[in-house]
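Colleague: I'm new to this one. Could you walk me through it?

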Amino acid sequence: MRDTLLEVRGISKRFGGVKALDKVDLAIGRGEIHCLLGENGSGKSTLIKIVSGFYQPDEGEIIFDGISYKHLTINQSIQLGIQVIYQDMSIFPNLTVAENIALNYELYSKKRLVSWKNVYKIARQSLEHIGIELPLDAEVGTLSVADKQLIAIARSILHNSKLIIMDEPTSALTRREVDKLFKVIRQLQSEGISVLFISHKLDEVFEIAERFTIFRNGKLIVTDDAKNVDNESFVYYMTGRKIEENYFVPDEIDRSRSIFKVENLCLKNGFENINFEIYPGEILGITGLLGSGRTELAKALFGLYSADKGCIYIDGKETSIRTPMDALKLNVAYVPEDRLTEGLFLTQSIENNMIAAHIDGIKKSNGIVDFDKGRADSKKWVADLGIKLDKLEDGIQTLSGGNQQKVVLGKWLETSPKVLILNGPTVGVDIGAKFDIHNYLRALAQQKNMAIILISDDISEILMNCNRILIIKNGKIVSEHKNTDLTVETLQNLITGKKEAVL
Ligand code: ADP
Ligand code: MG
């Protein structure tokens with residue numbers, strides 16, 4: 001056991017009627033990488049804000065380096081060597097890399113004049129220190145989220161940090177960027193700096209953390225060595241439910257006539273000669289690596305891209321899907337990959353988002369939108385999909401990722417589609433909500449005879465929920481499989497092409 005650096009004991013925090021934290025404990029050793037996990041709303045960010053002095057706890061104590069505090073102020077926390085990298089990272093987009101890293105430090109030194117030479121020197125050293133190369137005079141607004149994060153880390157180590165806390169740093173990163181971040185985290189650890197890493201992904205715990213703690217609904221559920229958690233217990237700790245996904249195997253499918261058939265579909269620089277059919281009651285999976293053409297194909301099926309060649313047949317009839325309007329008229333709906341930019345009107349209420357795709361369907365004979373009907377329909381989806389919300393008139397941004405995604409799904413189901421295309425429907429969605437969405441899709445296929453096309457790079461999502469799976473590689477469909485013939489490993493290998501899977 002490492003010597004303890006930070007310990008919080010019996011911390012509670014209430015916001016109005018919400019008990020965000022209920023007598024939680026957490027201990028982090030010197031030089032330890034500790035992962036704090038929990039579903040959305042479990043209290044992770046609130047605890048961090050208490051440690052950083054942003055909030056005061058209602059009860060409990062914070063012990064740092066052996067000294068007990070009732071609460072900390074922001075300045076005290078910084079003085080103690082606690083640095084927090086928040087989700088929004090407090091980066092200044094109009095300033096350069098060097099300015100973002102070192103300006104604050106230079107100002108802090110209370111000299112009368114800022115030395116720009118110093119700003120650049122400090123910034124360079126700090127980046128070198130964590131082994132990262134970035135152009136010092138680039139404007140930060142132009143850089144990726146991953147680079148902004150590295151800049152925030154480079155900035156934080158200037159303050160003699162003993163503990164660096166990162167609030168969900170990986171949620172918007174690609175795999176390669178995560179690797180880079182983890183390398184930096186290990187580098188910090190090798191210098192005796194402790195890292196508290198917030199996440200909701202199990203694989204990250206295995207990969208980076210020595211110890212982990214899980215919160216659920218503001219309560220401490222478990223804290224243990226990372227090696228003592230497996231997938232099943234992890235899911236249970238996170239959700240409080242036993243979640244077991246089995247292979248989706250639909251009842252007898254009538255294959256006399258396909259509902260959706262794609263023939264020789266081509267899109268320059270996207271995909272070529274795509275052929276497949278889908279029958280009512282099926283969930284067809286399409287999976288491949290990033291850049292394999294899966295997203296281009298998904299968009300072309302819904303008319304967001306207009307294919308150069310080929311045909312789409314619906315119910316046996318040749319059709320032309322050149323725009324999303326064409327698709328909607330043909331009862332094809334699409335749940336996009338990025339709900340924040342494509343799926344939702346972010347400044348609007350939950351209710352308005354829900355009825356947006358179906359506004360024509362709820363017009364009265366005089367052409368006026370029947371908002372009462374809209375509300376009744378929305379309520380039905382909230383109940384059906386188990387959307388957790390306070391009021392339908394609240395802004396869509398008040399919902400967690402999983403609940404937002406359920407709204408997107410409800411919005412499209414409201415159009416009564418016969419064919420539902422989903423692209424990465426559970427990216428960034430909590431385990432519990434993910435399971436709900438999967439079950440709902442299965443029910444749509446089985447009970448409503450809907451044909452569902454699920455496009456995703458989440459291997460177990462595809463494997464468990466799609467009765468047939470197409471592998472796409474370099475814009476071409478290279479093979480088709482029954483899900484029950486595959487395991488996570490064989491499917492993974494088929495996608496990466498590492499070795500020929502034995503079928
Ligand atoms: P997490 O980071 O685990 O997603 P949070 O700590 O942000 O969770 O939130 C825990 C609970 O406290 C949630 O129910 C959230 O809505 C509530 N909450 C957090 N901050 C505030 C606040 N400033 N005012 C009101 N409620 C809040
Ligand atoms: Mg949070």
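This is a predicted model: local features need pLDDT of at least 70, side-chain atom pairs count only at pLDDT 80 or more; totals for chains, interfaces and linings use all residues.

Colleague: Okay, how many helices and strands are in the chain?

Modeller: You'll find 17 helices and 20 strands. The radius of gyration is 25 Å, close to the 23 Å that the globule rule gives for 503 residues, so the chain is as compact as a globular protein of that length.

Colleague: And what share of the residues count as buried?

Modeller: That's 52% of the 503 residues. As for contacts between residues at least 6 apart in sequence, 66% join residues at least 24 apart.

Colleague: What about charges: how many positive and negative side chains are there?

Modeller: The chain has 62 positive and 67 negative ones, with the centres of the two sets 3 Å apart.

Colleague: Switching to helix α14, is it mostly covered or mostly open?

Modeller: Mostly covered: 13 of its 13 residues are buried.

Colleague: Now Tyr-120. Where does that residue lie?

Modeller: In helix α4, residues 116-129. Tyr-120 counts as partly exposed because its relative accessibility is 26%, and buried would need under 20%.

Colleague: Which residues does Tyr-120 touch, leaving aside neighbours within four places in sequence?

Modeller: Tyr-120 is in contact with Thr-96, Ala-98, Leu-136 and Asp-137. Leu-103 sits 17 residues from Tyr-120 in sequence, and their C-alpha atoms are 9.0 Å apart.

Conventions: Residues are numbered from 1 along each chain as its sequence is written. Chains are lettered from A and ligands numbered from 1 in the order in which they are written. Side-chain values use heavy atoms; hydrogens and water are left out. Helices (H or I, at least four residues) and strands (E, at least two) are DSSP runs, numbered from the N terminus. The radius of gyration is taken over C-alpha atoms; the globule rule is 2.2 Å times the number of residues to the power 0.38. Buried means under 20% relative accessible area, exposed over 50%, partly exposed in between (1.4 Å probe, protein chains only). Contact means heavy atoms within 4.5 Å. Lys and Arg count as positive and Asp and Glu as negative; His and the chain ends are not counted. The place of a charge is taken as NZ of Lys, CZ of Arg, CG of Asp or CD of Glu.
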